Amino acid sequence: MYQVLFKRLSGNEDIAVPQKMSEWAAGFDLQAAVEQSIELQPGERKLIPTGFAMAMPGELEAQIRPRSGLAYKHGITCLNSPGTIDADYRGEVKVLLVNLGQQPFTITRGERIAQMVFQLVPAVSIIEAEVLPETVRGAGGFGHTGV
């Protein structure tokens with residue numbers, strides 16, 4: 001088991017540390033640590049604070065992902081999804097939300113706005129090469145296999 005340290009930032013004692021909402025949930029829900037409610041207009045994006053910073057082992061990354069209920073019911077999702085938090089980052093975790101819905105959406109303090117999923121980061125070494133091994137697919141890219 002990996003240990004991840006969470007530091008609640010000053011003034012956010014009322015904001016819960018990330019938590020799973022069911023036994024087998026993959027993601028830890030994140031709450032908005034906004035000082036006052038924020039209205040997100042259709043098409044608008046805003047960076048929402050969570051009120052905590054964290055430290056995790058170098059083998060991990062944290063991915064910020066949308067909450068399915070907010071996406072389905074209101075069109076609220078995360079840009080750059082999944083957003084990556086690297087193991088060496090020590091600043092406040094923030095969530096980049098966008099309103100893709102038709103109506104304004106109000107974000108209130110303590111509202112669950114996103115989820116955080118931890119993933120292992122494999123050790124990789126990059127080797128520059130003059131020639132790459134051939135494959136059946138080759139350089140076929142977007143849409144090369146049909147619709």
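A: One begins with a definition: a pocket is an open set of grid points with protein on both sides within 12 Å along at least five of seven lines. The model shown here is predicted.

Q: Which residues line the largest pocket, and how do they divide by class?

A: The lining consists of Met1, Tyr2, Val4, Phe6, Pro18, Phe28, Leu60 and Phe118. Eight residues of this lining are nonpolar, with no polar and no charged residues.

Q: What can be said of the second largest pocket?

A: The second largest pocket holds about 160 Å³ of space. Its lining has 13 residues, and Ile64, Asn80, Gly83, Ile85 and Lys94 lie nearest its centre. By class, eight are nonpolar, three polar and two charged.

Q: Which strands each supply at least two residues of that lining?

A: These are β8 (83-85) and β9 (94-99).

Q: In what order do the strands of the open sheet lie?

A: Strands are said to pair if at least two bridges are found between them. Here, three strands form an open sheet in the order β4-β9-β7, with antiparallel pairing. The edge strands, β4 (45-49) and β7 (76-78), each pair on one side only. On average, neighbouring strands of this sheet are turned by 35 degrees against each other, direction ignored.

Q: How many bridges join β4 to β9?

A: Five bridges join these antiparallel strands. In one case, Arg45 has Val98 of β9 as its bridge partner.

Terms used: Residues are numbered from 1 along each chain as its sequence is written. This is a predicted model: local features need pLDDT of at least 70, side-chain atom pairs count only at pLDDT 80 or more; totals for chains, interfaces and linings use all residues. Side-chain values use heavy atoms; hydrogens and water are left out. On a 1 Å grid over the protein atoms alone, a cavity is a set of points where a 1.4 Å probe fits but cannot get out, and a pocket is an open set with protein on both sides within 12 Å along at least five of seven lines; lining residues have an atom within 4 Å of a point. Ala, Val, Leu, Ile, Met, Phe, Trp, Tyr, Cys and Pro count as nonpolar, Asp, Glu, Lys and Arg as charged, and the others, Gly among them, as polar. Grid points are joined across faces, edges and corners, and a volume is the space filled by probe spheres set on the points. Helices (H or I, at least four residues) and strands (E, at least two) are DSSP runs, numbered from the N terminus. Axes are lines fitted to C-alpha atoms, for helices over the stretch in contact, and angles run from 0 to 180 degrees between N-to-C directions.
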